[in-house]
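The following paragraphs go through a two-chain model, beginning with the contact between its chains. Please keep the sequence and the coordinates open while reading.

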Amino acid sequence: MKTSLPAKIWLYFLLIVTSLCVFFPVLYAFMISFMTGPEIIQGRFFPQTFNLENYTKVFDRLPLLNYLLNSFIVSISVMLGQLVVCSLAAYAFVFFKFKGRDFIFFLFISTMMIPWEATMIPNVFTIRKLDWFNTYQGLTLPFFALAFGTFLLRQHFLTIPKELHEASQIAGLSRFKFFWKVVLPISKTSLVTLGAYGFLTTWNMYLWPLLITTNQSVRTVQIGLKQLQSQEIATEWGVVMAGVIVVIIPTLLLLFIGQKQLQKGLSQGALK
Amino acid sequence: MKKVELINVSKSYDKQVDVISNINVTIEPGEFFVLVGPSGCGKSTMLRMIAGLEEITGGTLKIGEQIANNLSPDKRDLSMVFQNYALYPHLTVQQNITFGLDVKRMKKDEQKRKAAEVASMLGLTDYLARKPRELSGGQRQRVALARAIVSETPICLMDEPLSNLDAKLRAHMRSEIRRIQRTLGITMIYVTHDQVEAMTMGDRIMILHEGKIQQIGKPIDIYNHPANPFVATFIGSPPMNLAKAVLDETTEELVVENELRIPVPGMERSKLPSHGMTVGIRPESILPLTPEQTGGVKLEVTTTNVEVLGNETIFSFHVGTEEWMAKWSGQWHIGIGEQLPVWLEFDSLSIFDGEEGHLIKKTVDQSHHVVQQEVVE
């Protein structure tokens, strides 16, 4: 599509304005992370000098690297767990024929209507009975089965032409091999989407780690950030924001990597 | 090379109505067998039953000498080409071709060699590294074909493989598939709704309608002697002209649509029933009236439509309530609404029973033979 120059300028102007609106809080946080206490109170937007003092402080005050590692382990395991459980569940819902399949799927999906917070208390009790407080499995396992993820993947699996399934049946592929060699590679885009979604939601999770962790051994970054605020009587916002920026970086990285994958659009060309 | 035998095969969903019933046919080893019929006649279902993708609810299916009713698709020793090709979009052409071999744990070198062999046979050598989405429709079709051939199974099933191609490519692929089938001697079972494909490709064809066999036979026999009015109109383009007719006992004439009276030769009279009949005549058997013609019936018709196709001219006209078509070879200058004398004879009529629809009288063989001529120095 060819656009004239004024139209292009207008378009880019709008894009820049809207992106600034969306990005402003993050940008402001980024600026604050370089400021000293008085500067923040003055309400300035740009710091006078870019000093990294806040960053060193944040690492001194908290075992932030430790928290980051914990968050990574938890987020990656939840992501992988969700991918495995959801893709297998979705595969069964799409490619297996069994009695009451649609009803079970409906039941499965209807759990999306129950807010996570409602099931939190029983979950906490379960975890306590299993003596999984302050463990990675306590932080991750409850999130493996995700109705939304199953639904997302099922919708993608449904678009796989049944002829592919039949062709591999004739070729003699076992059910698992068909899943592994055909279904998963074709659904790469959806898997990446679900993976990114799972990682980010877990990374940003606050309530559950707060309940499950009682010491620093497996505590995640979001709790750490909260700790920064409450440690002192007057919160040092510069330090908190430095922490926030450090925490944001991995999510941004993931977004950039994931976006490239998402755009590939592997599913074309299966059929005429 | 294996034969495929269907004995009393039927198919029903939910044990209600049979969508396919009473199928009895033996497909000989190395034969090109075409299943043809209008949409929804059950031909694809039948093919899928042979492939093992659809359950057989009644009767016996034998592949080779083995009863195959409950064999899984991969144990039936067959390959299949799908209408939409069913290529794996994430694999290259090479990987698509060798996919089945990989499952059978063939050595990589061997796989490569075979893929290269088949690719050169089908002119795909330059495309081996490409993904299916980077290929044209015809190339994708050939990849699907290559995948079926490379497995070297004795039986190959094809489900309307050419329906997504344009007319020119279709004609080309038609002869190519036929050539490959002959060279490799595969038993081919081919499903199509296109009667031209059926006529040109099949050693034998089976015409299905509403899940029942209408006729099985060599294409030319089916064309000449259709078993019932359905087959008569399904095979041939334009279709055979049909009309209701009764025998007038007093004048010994066949009265078609109360309009056309055709004298019945003495020896044929006894064969015709006294009740209603359906007569059919191929468009090419309705001829221009010339002085040489003797016997037969002259008919004055008013044209309602004319199509000049370069090498032949097709025009339609009314006989009673039916619209008939005639096909004359060559270019004829005929206007719409023009009065035209045409000529036809009793010999070229097919007569079907008016109630049961079976063929009572065949057309007389009018085919030409090429006589070996002596070469003169």
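Chain B and chain A bury about 2,300 Å² between them, with 63% of that area given by carbon and sulfur atoms. Buried area here is the accessible area (1.4 Å probe) that two parts lose on being put together, summed over both. The model is a predicted one: local features need pLDDT of at least 70, side-chain atom pairs count only at pLDDT 80 or more, and totals for chains, interfaces and linings use all residues. Residues are numbered from 1 along each chain as its sequence is written, chains are lettered from A and ligands numbered from 1 in the order in which they are written, and side-chain values use heavy atoms, with hydrogens and water left out.

The contact (heavy atoms within 4.5 Å) involves 22 residues of chain A and 26 residues of chain B. Five residue pairs are in polar contact between chain B and chain A, both residues being at pLDDT 80 or more. A polar contact is a pair of N or O atoms within 3.5 Å; within protein, one must be able to donate a hydrogen and the other to accept it, and residues adjacent in sequence count only if both atoms are side-chain atoms. On the side of chain B that touches chain A, two or more residues each come from helix H1 (43-51), strand S6 (78-81), helix H2 (93-103) and helix H4 (137-150) of chain B. H2(B) gives the largest share of that side, four residues. Sorted by class, that side of chain B holds 14 nonpolar, five polar and seven charged residues. In this sorting Ala, Val, Leu, Ile, Met, Phe, Trp, Tyr, Cys and Pro count as nonpolar, Asp, Glu, Lys and Arg as charged, and the others, Gly among them, as polar. Helices (H or I, at least four residues) and strands (E, at least two) are DSSP runs, numbered from the N terminus.

Two salt bridges are found across the interface of chain B and chain A, a salt bridge being a side-chain nitrogen of Lys or Arg within 4 Å of a carboxyl oxygen of Asp or Glu. Glu166(A) and Arg48(B) form a salt bridge with an N to O distance of 2.8 Å. Asp102(B) and Lys181(A) form a salt bridge too, with their closest N and O atoms 3.2 Å apart. This pair joins two chains, because Asp102(B) belongs to helix H2 of chain B and Lys181(A) to helix H10 (residues 175-186) of chain A. Asp102(B) is partly exposed at a relative accessible area of 27%, and Lys181(A) is partly exposed at 27% relative accessibility. Buried means under 20% relative accessible area, exposed over 50%, and partly exposed in between (1.4 Å probe, protein chains only).

Over all chains the rule gives 24 salt bridges. Within chain B, Lys114(B) pairs with Glu152(B), the closest N and O atoms being 3.2 Å apart. Lys114(B) is buried, at 11% relative accessible area, whereas Glu152(B) is exposed, at 53%. In chain A, salt bridges with shared partners link Glu53(A), Lys57(A), Arg61(A) and Glu236(A) into one network.

Next come the nonpolar cores. A nonpolar core is a set of buried Ala, Val, Leu, Ile, Met, Phe, Trp, Tyr and Cys residues joined through side-chain atoms within 4.5 Å. The largest has 81 residues, and those with the most contacts inside it are Phe157(A), Leu6(B), Ile23(B) and Leu157(B). Helix H4 (residues 64-95) of chain A supplies the largest share of this core, 10 residues. A second, separate core has 44 residues, among them Cys156(B) and Val231(B). Beyond four places in sequence, the residues in contact with Leu157(B) include Leu47(B), Ile50(B), Met80(B) and Ile189(B). Ser87(A) is located in helix H4 of chain A and is buried at 5% relative accessibility. Setting aside residues up to four places away in sequence, the contacts of Ser87(A) include Phe157(A), Phe179(A) and Leu191(A).

Chain B as a whole contains nine helices and 21 strands, and 53% of its 377 residues count as buried.
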